[in-house]
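Hi everyone, thanks for making the time. I'd like to walk you through one structure today, so let me put it up on the screen.

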Amino acid sequence: MRRPNPKNEYASTAGELVHEIVRHARSQGSSQKKLAAQAGLSEASLSRMKSLEDVRLSSLIKLAEAAGLRLTLVPDDDLAEQIIRGDLL
C-alpha cells in the first residue's frame with residue numbers, strides 16, 4: 001500500500017524518484033537509453049523501474065551517479081527545507 005506524501009514536492013515512491021533522476025538527465029542532454037547504459041541497466045529495466053514503488057537502493061545509487069546526482073538524506077524539518085530551497089540563506 002502506498003503511503004500518502006504530505007510534501008508534494010518530493011518523490012513518495014522509488015519510481016517517482018527514478019522519474020526525477022531521468023528528468024534531470026534529460027535536462028542535461030542525456031537520453032533515457034544513454035542513462036540506462038551508463039548505470040549498467042537495460043533501457044527496459046529503467047522503464048520498469050519508473051513504475052515501481054520499491055527499487056533496490058544500489059540501482060538508485062547507480063542511476064543517480066550516471067545522471068550526475070547523489071542520493072542524500074536530509075533532516076525532515078522546516079528549517080532544513082528552507083535552507084535547501086535557498087529561502088533562508
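I'll start with the overall fold, then look at one helix pair, and finish with a loop residue.

Please keep in mind that this is a predicted model. The chain has five helices and zero strands, and read along the sequence the pattern is α-α-α-α-α. Of its 89 residues, 25% count as buried. As for the contacts, if we take those between residues at least 6 apart in sequence, 54% join residues at least 24 apart.

Now to the helix pair. As a reminder, two packed helices are described by the angle between their axes and the distance between the axes. Here the pair is H1, residues 14-27, and H4, residues 57-66; their axes come within 10 Å and cross at roughly 15°. Angles under 35 degrees count as roughly parallel, and H1 and H4 are therefore roughly parallel to each other. Their crossing is left-handed. Which residues make the contact? From H1 we have Ala 14, Leu 17, Val 18 and Ile 21, and from H4 there are Leu 60, Leu 63 and Ala 64. By type, the residues of this contact are seven nonpolar, no polar and no charged.

Let's stay with H4 and ask which of its residues are buried. They are Ser 59, Leu 60, Leu 63 and Ala 64. These residues cover an arc of only 130° around the axis, which puts them on the same side of H4.

What covers the buried residues of H4? The cover includes H1, together with helix H2, residues 32-38, and helix H3, residues 43-49. One more detail for those of you who like backbone angles: just after H4, Gly 68 takes a positive phi of about 80°.

Last stop, the loop between H1 and H2, where we find Ser 30. Is Ser 30 buried or exposed? Ser 30 has a relative accessible area of 14%, and the cut-off for buried is under 20%, so Ser 30 is buried. Leaving aside residues up to four places away in sequence, Ser 30 touches Ala 25, Leu 35 and Gln 38.

That's my tour; I'm happy to go back to any part of it.

Methods
Residues numbered from 1 in each chain as written. Predicted model: local features only at pLDDT ≥ 70, side-chain atom pairs only at ≥ 80, totals over all residues. Heavy atoms only, no water. Axes fitted to C-alpha atoms, helices over the stretch in contact; angles between N-to-C directions. Helix = DSSP H or I, 4+ residues; strand = E, 2+ residues; numbered from the N terminus. Parallel < 35°, antiparallel > 145°, perpendicular 65-115°, else oblique. Left-handed = near helix turned anticlockwise from the far one by under 90°. Contact = heavy atoms within 4.5 Å. Nonpolar A, V, L, I, M, F, W, Y, C, P; charged D, E, K, R; others polar. Buried < 20%, exposed > 50% of the residue type's maximum accessible area, 1.4 Å probe, protein only. Arc of directions from axis to C-beta.
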